[in-house]
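These notes are for a reader who is new to the structure. Please read them with the sequence and the model open.

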Amino acid sequence: MQKIFLKSTTAACAIALATAGFTTTAVAQGGSVADGEVDDVIITVGTRRDQRSAADTPAPVDVIGANEILNQGDNDIQNILRTSVPSYNVNTYPIADAATIIRPANLRGLAPDSTLVLVNNKRRHRAAVISFLGGGVSDGAQGADISVIPAIALKQVEVLRDGASSQYGSDAIAGVINFVLKDSPDGASFEAEWGQTYEGDGDQWSVSANVGLPIPVGEGGFLNISAEYGETDATDRSVQRTDAAALIAAGNTAVGDIAVNTVSADAVQIWGQPNLNDDYTIFANMAVPFSEAFEVYSFGNYSERQTEGGFFFRNPTNRGGVYAGPLVDPITGAPDPTGVASVLVGNLAGVDAMACPAGIPLTAGGGLLPDPTVLAAVQADDNCFSFVETIPGGFTPRFGGDLEDKSIVAGFRGALGGLTYDFSYTYGRSDVDFFINNTVNASLGPNTPRDFTPGGYSQIDNNFNADFSYAIPNDMFASDLILSFGGEHREEQFEIRAGDPASFEIGPLAAPSPAFPGGQGFSSSSNGFGGFTTASAGTTSQKNYAIYGEVEADITDQFTLQGAVRYEDFYDSFGDTINWKVGGLYNVTDNLVVRSTYSTGFHAPTAGQANVTNITTQFSGTMLVDQGTIPLSSAAGQFIADRLELSTGVRPALGPEESKNFTAGVGFGLGDIDVTIDYFRINVDNRISISDQQDFLGELLEVAMENSVMIPSGSGTSQVLNLLDGAGVLNAADFQGSEDLTSFGFFTNSFDTRTQGIDIVASTNFEVYEGSNTTMALAFNWTDTEVTDRGLDGAAPLSLGRARQLEDTIPRTRGNVTFNHYVGPFRALARFNYYGKFFECHLDATSSTPPQFCDLPHDGKAQFPIDLELGYDVMDNVEIIAGAQNVFDSYPTALDPSIGAGVAGAIYPPIAPAGFNGGFYYFKLRVDL
């Protein structure tokens, strides 16, 4: 039975035809019927059997062709996949630390690193970025960065919607995405695009090219090169924060000046997509066959870009560690537990504790401005300092990173008799160097720099693979028995590079002294994203090897059976595991196919997750606080682990997560309409994630009480550490990098989930009038995640608020219906998208209060954006294109002003699944040679 697809149809149409195995007439790119021109959708993922189509595999495989990839307004492959694969979700993160630099994406409702990414069927290296603020589902994930792959480089994308750890190893729990690079030895193409949002911002432009070259060596090989360069401007969907507006109204005109540090003159804090500068990438793919038995091949990339976005506004009355002072006497500014709020004052001499007021009372402007008399006294004394002297309007840091990504794969393959072989080596490296500008290291007082380089991360992967396959002739089955086997050795390294000294220095206004044994209450490190200390810098690694075996055969002409088993040993860290899979496909009739798989899987923690340190600023309720992620091996991690073990009897630990995956599907025909329906269920035990924030300051205060150490009211973490050090309880130097944290989390395994869903794909093609051709494709996904065990018997159970984020953040229903119409030199596309309702816990302000379990809850309604595109061949091989994404300018449900403008100035929910930028129009020029 021949499996055929439409060359110029949409992805969903190709998927349905491939998976159900129906035959139709191929349609050429120009829209005319090319009689007899047919192709199989040949795939390389999900099976090691040669020349298999998506219709022949027991597990569902989506095949997205080059035309579907290119015929979209976006040039980011992540956004393209979001449109083409309904179970794939990715968002724009406006204020999310490193997640702004490399956006985390989810397949089938699971974490980004639960999806294995391949390029040309070889494992893609991880990104250096770990998503510390990932909207709940992606918290702590470290997946591959696929945004560096230019759309013009792709021959097709294969999405295996099934667990495949027994075939490919760790991470393949939700599925596998395989990016197949173009391999033509001739021809060239060029594309230029420009677009912007309906609001007039977010300009996006790019130029890209692909060329295929013959290599006149051996029996003739190819070198195929693709390159892309572009930039994307920021957008602004913000409103002035209520607290900033109140400060301006009270007379603090310096607050308005903060807008010079943002992309808007109307808001001190910006919610919108970040700037992408100098976004450059090049991919190359080559192979040279010397005989039928021997071929060498190689492919790789070099990519770089800079991402820059905004952070939260630092209010000049209440930002802890910079502005917020103790309760003081409203006249003198002396400490008074029954007094008024104040702005913190530092004593630069550090000798006489009474030489400067403890704080400048906030008694002017309705309690929002410093008392002018005390302020004047501070300004007149060279030994006294407050940040309202130098930065009276507060500040908004600008955060970003310079990303560099490179990889090379080299190998040789061929056949010896009936044995095929493939030996390969893969090197991949991702580097990100962070910067944060327009901020302070408050402990340095007036000597603080305003711009910092807080360090960087690197991820380095080295993989060796040996893969074999042998077709065993036999009389028992309807085909040869395909026996595949092989091995792999992987080494992952994660490097933390220290920041510039000022980004982590403990300055004189935080260090203990005889006059101030606990320090003076100013925070150290670059505010907003603390620099990595020399103690936390270094390289960690983990290694593993694996061996696998796989068999597949057509038991009869109707029945295909597949089985796989894999042994993997993380011999220097997490131990070993065995995973297996069975699957079958049965052609009941020519119009009815049924299939099913069952498999076990696992995902091991990365070297980065086990060892990373990160300090960030996040909301706790409606106030900014310093939070972090600390490795359990650190002094702070061991301190909290000891305290948790003392209170729960269980010591927190980190290990692999395990999964059980079941799929069942059917493909059939209803007249001219082809349909596939697939059900999946994924049970994941001991999921890897960042724990809930642990009360570091509270535990330190408990230790002080246990050891009868007196702590002044209102003391911060650094002050408590210094006082405990002075009492001989602990060594504060061991906690460098954690001294400003009120709380922190750590990577651990603390909860179980069950994710289940249904994928429906339907397609048809028809002729509206003579000489035309129209295709219609429907793709629908329903996914539901339930936290089945919050780990209440463990050391750090998952909170109800975090559980709700995991269950409700991603919409349960997604889908689209796409029409492609071809006639003469014209083609037209109309895509009707549906994004179901969703829940956002704004600013990740989770709580234990029912029914929302969130202090800033938002229930987003369903959204129906529509995309349109029109292409015209002005001459042979030259096409001009105009289109619009979200043509009717649909926006997600706006945040209630009490949690939007009233807290941080957002108009729309940042994690809205359809985005928050509104309509986007674009123009393209495409040339094929």
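Which residue is the bridge partner of Gly628 in S32? Point 1 gives the reply after a word on the model.

1. This is a predicted model, in which local features need pLDDT of at least 70 and side-chain atom pairs count only at pLDDT 80 or more, while totals for chains, interfaces and linings use all residues. Residues are numbered from 1 along each chain as its sequence is written, and side-chain values use heavy atoms, with hydrogens and water left out. The bridge partner of Gly628 in S32 is Phe744. Strands are DSSP runs (E, at least two residues), as helices are (H or I, at least four), and both are numbered from the N terminus.

2. Strand S28 (residues 623–629) pairs with strand S32 (residues 743–745) in the parallel sense, over three bridges. Two strands count as paired if DSSP finds at least two bridges between them. S28 also pairs with strand S27 (residues 614–620), here in the antiparallel sense and over seven bridges. Within that pairing, Thr617 has Asp626 of S28 as its bridge partner. Six of the seven residues of S28 are buried, which leaves the strand mostly covered. Buried means under 20% relative accessible area, exposed means over 50%, and partly exposed lies in between (1.4 Å probe, protein chains only).

3. Strand S21 (residues 452–472) is largely enclosed by the rest of the structure, because 16 of its 21 residues are buried. Strand S20 (residues 419–437) and S21 are antiparallel and pair over 17 bridges; in this pairing Ile436 has Phe452 of S21 as its partner. S21 is also joined to strand S22 (residues 481–497) by 17 bridges, again running antiparallel. There, Gln459 stands opposite Phe494 in S22.

4. An open sheet of five strands has the order S3-S8-S9-S6-S7, and its pairing is mixed. Strand S3 (61–65) and strand S7 (122–123) are the edge strands, each pairing on one side only. S7 runs antiparallel to strand S6 (residues 115–119), and two bridges join them. Val119 stands opposite Lys122 in S7.

5. What lies across S3, strand S8 (154–160) and strand S9 (175–181)? Helix H3 (residues 77–84) does, and it runs at about 120 degrees to S9. Axes here are lines fitted to C-alpha atoms, for helices over the stretch in contact (heavy atoms within 4.5 Å). The angles run from 0 to 180 degrees between N-to-C directions.

6. How many disulfides are there? The count comes to two, where a disulfide is a pair of cysteine sulfur atoms within 2.5 Å. With bonded cysteines counted along the chain, the pattern is 1-2, 3-4.

7. Cys356 and Cys384 form a disulfide with their sulfur atoms 2.0 Å apart. This pair links distant parts of the chain, 28 residues apart: Cys356 is in the loop between strand S16 (346–347) and strand S17 (359–361), and Cys384 is in strand S18 (residues 384–385). The link of Cys356 and Cys384 is left-handed, with -95 degrees about the S-S bond. Both cysteines, Cys356 and Cys384, are buried.

8. Cys841 is joined to Cys854 by a disulfide, S to S 2.2 Å. Cys841 lies in strand S38 (residues 838–841) and Cys854 in the loop between S38 and strand S39 (857–860), so the pair ties together parts that are 13 residues apart in sequence. The link of Cys841 and Cys854 is right-handed, with 100 degrees about the S-S bond. Cys841 counts as buried because its relative accessibility is 4%, and Cys854 is buried with a relative accessible area of 8%.
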